[in-house]
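Please find below a colleague's note on the structure shown here.

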Amino acid sequence: MLNKTEDMTFGMAIEALKNGHAVARKGWNGKDAFIYLTTGSEVPFDKMKCETQMHLIAHTGTVVKINAHIDMKAADGTIVCGWLASQTDMLSEDWYIVA
């Protein structure tokens, strides 16, 4: 169980994500930016965007499985799908729970 809500390591932040929390770093320049875990889903192939369908042309099923991943709500309000941590993010101990 997670007891700490600020000054967390990246490992602790990952556990917070797994427990349904959004997290951020004090060291990030962008105010109001945070990351959150997006659960996996299955999307019917015919409901995928056209450009995605073109890249998956050899796909033989009727459903496309999208794996769980971490997304970011950026400071400008946009969503970054599939956010990746930098080495600085992974080694920082300034993570905190946003919600």
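The numbered points below treat these topics in turn.

1. The model under discussion is a predicted one. The remarks that follow should be read with that in mind.

2. Helix H1 spans residues 10–18, and its buried residues are Phe-10, Ala-13, Ala-16 and Leu-17. Viewed down the axis of H1, these buried residues fall within an arc of 110°, so they line one face of the helix. Their cover includes three strands from the list E1 (23–25), E2 (34–38) and E5 (69–73), together with helix H3 (87–91) and strand E7 (95–97). After H1 comes Gly-20, which has a positive phi near 95°.

3. Lys-18 is exposed, at 57% relative accessibility, whereas Glu-15 is partly exposed, at 39%.

4. How many salt bridges does a search of the whole structure find? The search finds four. One of them joins Lys-26 to Asp-7, where the closest N and O atoms are 2.9 Å apart. Lys-26 lies in the loop between E1 and E2 and Asp-7 in the segment before H1, so this pair ties together parts that are 19 residues apart in sequence. Both partners are partly exposed: Lys-26 has a relative accessible area of 47%, and Asp-7 one of 35%.

5. The side chains of Arg-25 and Asp-89 form a further salt bridge, at 3.0 Å from N to O. Because Arg-25 belongs to strand E1 and Asp-89 to helix H3, the pair ties together parts that are 64 residues apart in sequence. Asp-94 joins Arg-25 and Asp-89 in a network of salt bridges.

6. The largest pocket holds about 160 Å³ of space. Its lining includes Arg-25 and Lys-26, residues that also take part in the salt bridges with Asp-89 and Asp-7, respectively.

Conventions
Residues numbered from 1 in each chain as written. Predicted model: local features only at pLDDT ≥ 70, side-chain atom pairs only at ≥ 80, totals over all residues. Heavy atoms only, no water. 1 Å grid on protein atoms, 1.4 Å probe; cavity = no way out; pocket = protein on both sides within 12 Å on 5 of 7 lines; lining within 4 Å. Points joined across faces, edges and corners; volume = space filled by probe spheres on them. Buried < 20%, exposed > 50% of the residue type's maximum accessible area, 1.4 Å probe, protein only. Helix = DSSP H or I, 4+ residues; strand = E, 2+ residues; numbered from the N terminus. Arc of directions from axis to C-beta. Contact = heavy atoms within 4.5 Å.
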